[in-house]
Amino acid sequence: MTHVLTANARMRASFVRLSAAAMLAATLAAAGPVSAIAQGMGHGGMQHHGADGTGHDEVTMPGLRGLDATPRESAELAEMFRNFPDISREVVELPNGIRTVTFSEDEDLMAVIASHVVGMITRVEERRDPQIFIQSPTLDIFFERADRIETQIDMTDEGIVVIQTSDDPEVVAALHTHAGEVSAMADRGMAAVHEMMMQRAGN
């Protein structure tokens, strides 16, 4: 997988854009509120999900934990779900992939978004599936065929721009599907997750 970072515009959160590692470190440092949230996630966090996704605990969000997810990663997810109305997202489906733009006027939330995006793409490159409890099975193919995906990340005035392409038709289809799933979560928050989990459960 090719992972490209470009510094073509100045972002509100003043990120360092020298490499994926540098960018991730900068976004983590900028996301001050995440640290407090991460501490609280250790023993529970927002909404409890049963096997069918119908359980509710809007404070602790245990469904955002994972078998290989760090407390910070779960905290970032919780922060985004709590503040989804403040997130805007645009998706363009390309013949061989996707182009997405995600943005928030809230600088702290934008830092969390950027950290999550870079962190997840890095995980895919390293084939380290976090196995988040509410995670969509659409992600499975990305971890299995990471070498078939080329990724470019740009920090621009639009927000964080991600272009992912592949010459594998099944991966392209998964990219399209996952982009739609993420957009649904950006539009409707945890309600979209519940809908998808119920659909997968056949209810």
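Biologist: Which side chain does Gln-164 join in a polar contact?
Modeller: The side chain of Thr-151, at 3.1 Å. A polar contact is a pair of N or O atoms within 3.5 Å; within protein, one must be able to donate a hydrogen and the other to accept it, and residues adjacent in sequence count only if both atoms are side-chain atoms. Keep in mind that this is a predicted model, where local features need pLDDT of at least 70 and side-chain atom pairs count only at pLDDT 80 or more, while totals for chains, interfaces and linings use all residues. Residues are numbered from 1 along each chain as its sequence is written, and side-chain values use heavy atoms, with hydrogens and water left out.

Biologist: Is Gln-164 buried or exposed?
Modeller: Gln-164 counts as buried because its relative accessibility is 14%. Buried means under 20% relative accessible area, exposed over 50%, and partly exposed in between (1.4 Å probe, protein chains only).

Biologist: Where is Gln-164, and what is it in contact with?
Modeller: Gln-164 is in strand β5. Helices (H or I, at least four residues) and strands (E, at least two) are DSSP runs, numbered from the N terminus. Leaving aside neighbours within four places in sequence, the contacts of Gln-164 include Asn-96, Ile-98, Ile-121 and Leu-175. Contact means heavy atoms within 4.5 Å.

Biologist: Let's switch to α6. How does the span of α6 compare with what it should be?
Modeller: The 20 residues of α6 (residues 169-188) should span 28 Å at 1.5 Å a residue, and the end C-alpha atoms are 29 Å apart, which agrees. The expected span is 1.5 Å times one less than the number of residues.

Biologist: What happens at the start of α6, and just after it?
Modeller: At the start, a side-chain oxygen of Asp-168 comes to within 2.9 Å of the backbone nitrogen of Glu-170. Just after α6, Gly-189 has a positive phi of about 65 degrees.

Biologist: And what do the buried residues of α6 pack against?
Modeller: Against β2 (88-94), β3, α5 (140-144), β4, β5 and α7. Among those buried residues are Val-171, Leu-175, His-176 and Glu-181.

Biologist: Why is α3 described as largely enclosed?
Modeller: Because 9 of the 12 residues of α3 are buried. Met-80 and Phe-81 are among them.

Biologist: What does Met-80 touch?
Modeller: Not counting residues up to four places away in sequence, Met-80 touches Ile-87, Leu-109, Val-112, Ile-113 and His-116.

Biologist: How many residues are in the largest nonpolar core?
Modeller: That core has 25 residues, and Met-80 is one of those with the most contacts inside it, along with Leu-64, Ile-113, Ile-134 and Ile-160. A nonpolar core is a set of buried Ala, Val, Leu, Ile, Met, Phe, Trp, Tyr and Cys residues joined through side-chain atoms within 4.5 Å.

Biologist: Which element gives the most to this core?
Modeller: That would be α4, with 8 residues. Another core, of 13 residues, lies apart from it, and Ile-98 and Leu-175 are among its residues.

Biologist: Last topic, confidence. Where is it lowest and where is it highest?
Modeller: Helix α2 (residues 32-41) is lowest, at a mean pLDDT of 35, and strand β3 (residues 97-103) is highest, at 98. pLDDT is the predictor's confidence in each residue, from 0 to 100. Over residues 1-59 the pLDDT is below 50. The protein chain averages 75, with 67% of the residues scoring at least 70.
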